[in-house]
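Please keep the 3D view open while reading.

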Amino acid sequence: MRISVIGTGYVGTVSAACFAELGHEVICVDIDNEKIRQINAGVPPIYEDGLEELLKKYAGRRLCATSDYAQAVRGSDVSFICVGTPSDASGNIDLSIVRSASKSLGTALGKKKGYHVVVVKSTVVPETTEKVVLPIIEQHSGKKRGEFGIAMNPEFLREGKAVHDFMHPDKIVVGGMDDRSADTVSKLYNGIDCDIIRTDLRTAEMIKYANNAFLATKISFANEIGNICKALGIDTYTVMDAIGRDSRIGRAFLNCGAGFGGSCFPKDVRALIGKAQEAGYAPLMLRSVMEVNESQPLRIIELLREKLGDIKDKRIAVLGLAFKNDTDDIRESRAIPVIRELLNRKASVAAYDPLANGNMRKIFGSVDYFNSPEDALRGADACLVMTEWDEFRNLGIEFDAMARRLVIDGRHVINAKGIEYTGLCW
Ligand code: NAD
């Protein structure tokens, strides 16, 4: 089939490349001309394992990019909306980009003959597809629902494993306004070995939020137990390994540490809190999930102060800036509040990340960035570990370059001997 993908960020680019791999013809649309140029040249605008190979294979063949909505809609049967859905100033979902993309899609659809399905893949709070996207498409296309289709197809991929997750999903959820819309979208996934869960639009939207909120809850739960374990001298990882063997619980997402970040969990939990409140319900547990997550990284600063006293003018090495390993994405990274607090307290910060130095430099220009852990550690009074990069597991002699070999590990990754080691909650 012919597909257009609106918004070529993490979800859009990966979906476009993977749909091409499944044999579809794909046109990407973005307002960012640099991304369009990169995709047409077969260069991924973001780092994702396996993405470059797919773009190189299909760019200029069955994958291309444009800023022209009319061309993309004319040349496709299905359009996926994959634009960002950030938080607004009060933490609620900001749908302005979805509105703007829907308006452009609607206008383009008005000039097209024949049936077309608009699919929302962006994460949007329940009712958005029905009450926001659908009316905007109707208004700007001059067409009525049924003349075109509407579906909601949430994305569950993990950054860092996005291509793998798209091609090998645990579940595919397709919410349809009607059977014709849902059948069209379901067929696009032929070739992927996974059952499709068919729902209505708002249920599909809610599945994505419930999924992320549950995983975020597991992390905050593990961190809360971890904080209690730390106070009582109990190894929380032994506790988590044991409870994780209970098949009703499972071991995943119970790694205690500095908390969750990224472009999804924090904003999605906040958006669900906002939507629940709008619906007249006070989501007490979800609020606590966020509170634990916000206080968790600052516990590292408390531990640092216990060890060093005043941190003014101390040299602090921060290893790991990305919100998790295998990505250059720093959105809501737990390293951000930690670095901010270090700078507020007038410490000097030396940072290293294998992929994310460039992105963090845009936020903190006064930090010294290095290309190796050893260079960042040289002369430091303490080291804070903020991302679970595999390469940190093998660090050892690199710590010898420090003025004091004090390591506070926020991710349970350091195995070195002969250092002054403190775990965040173990
Ligand atoms: P992103 O910010 O990386 O990418 C969004 C893209 O949309 C950008 O390239 C931007 O230039 C483009 N854009 C903005 N306005 C546009 C417009 N009017 N027309 C066309 N393009 C426009 O976002 P992302 O991380 O890919 O997330 C997209 C959606 O998918 C969000 O709702 C997010 O919550 C959801 N999601 C993200 C992930 C993830 O791991 N990143 C996983 C699952 C779901």
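**Ligand site**

This is a predicted model. The ligand is surrounded by 28 residues. Asp30, Lys35, Tyr69, Thr85 and Lys267 are the closest of them. By class, the shell holds eleven nonpolar, nine polar and eight charged residues.

| Residue | Protein atom | Ligand atom | Distance |
|---|---|---|---|
| Asp30 | polar side-chain atom | oxygen | 2.6 Å |
| Thr123 | polar backbone atom | oxygen | 2.9 Å |
| Ser263 | side-chain N or O atom | nitrogen | 3.3 Å |

On its own, the ligand has 830 Å² of accessible area, and the protein covers 89% of that. Two elements give two or more residues to the shell: helix H1 (10-21) and helix H5 (96-110). Two domains take part as well. Domain 1 (2-199) and domain 2 (209-295) each supply at least three shell residues.

**Nonpolar core**

How many residues make up the largest nonpolar core? The count is 56. Within this core, Leu342, Phe399 and Ile414 have the most contacts. Several helices give two or more residues to the core, namely H10 (236-244), H12 (284-308), H13 (335-344) and H15 (373-377).

**Two loop residues**

Is His116 buried or exposed? His116 has a relative accessible area of 1%, and because buried means under 20%, the residue counts as buried. His116 sits in the loop between H5 and strand E5 (117-120). Helix H5 is also one of the elements that give two or more residues to the ligand shell. The His116 side chain makes a polar contact of 2.7 Å with the side chain of Ser79.

Gly379 is a loop residue too, placed between H15 and E12. Gly379 and Lys275 are 104 residues apart in sequence. In space, their C-alpha atoms are 49 Å apart.

Definitions and conventions
Residues numbered from 1 in each chain as written. Predicted model: local features only at pLDDT ≥ 70, side-chain atom pairs only at ≥ 80, totals over all residues. Heavy atoms only, no water. Near = heavy atom within 4 Å. Polar contact = N/O pair within 3.5 Å; in protein donor to acceptor, adjacent residues only side chain to side chain. Areas by Shrake-Rupley, 256 points an atom, 1.4 Å probe, with all protein chains shown as cover. Helix = DSSP H or I, 4+ residues; strand = E, 2+ residues; numbered from the N terminus. Nonpolar A, V, L, I, M, F, W, Y, C, P; charged D, E, K, R; others polar. Domains from an automatic or database assignment. Core = buried A, V, L, I, M, F, W, Y, C linked by side-chain atoms within 4.5 Å. Buried < 20%, exposed > 50% of the residue type's maximum accessible area, 1.4 Å probe, protein only.
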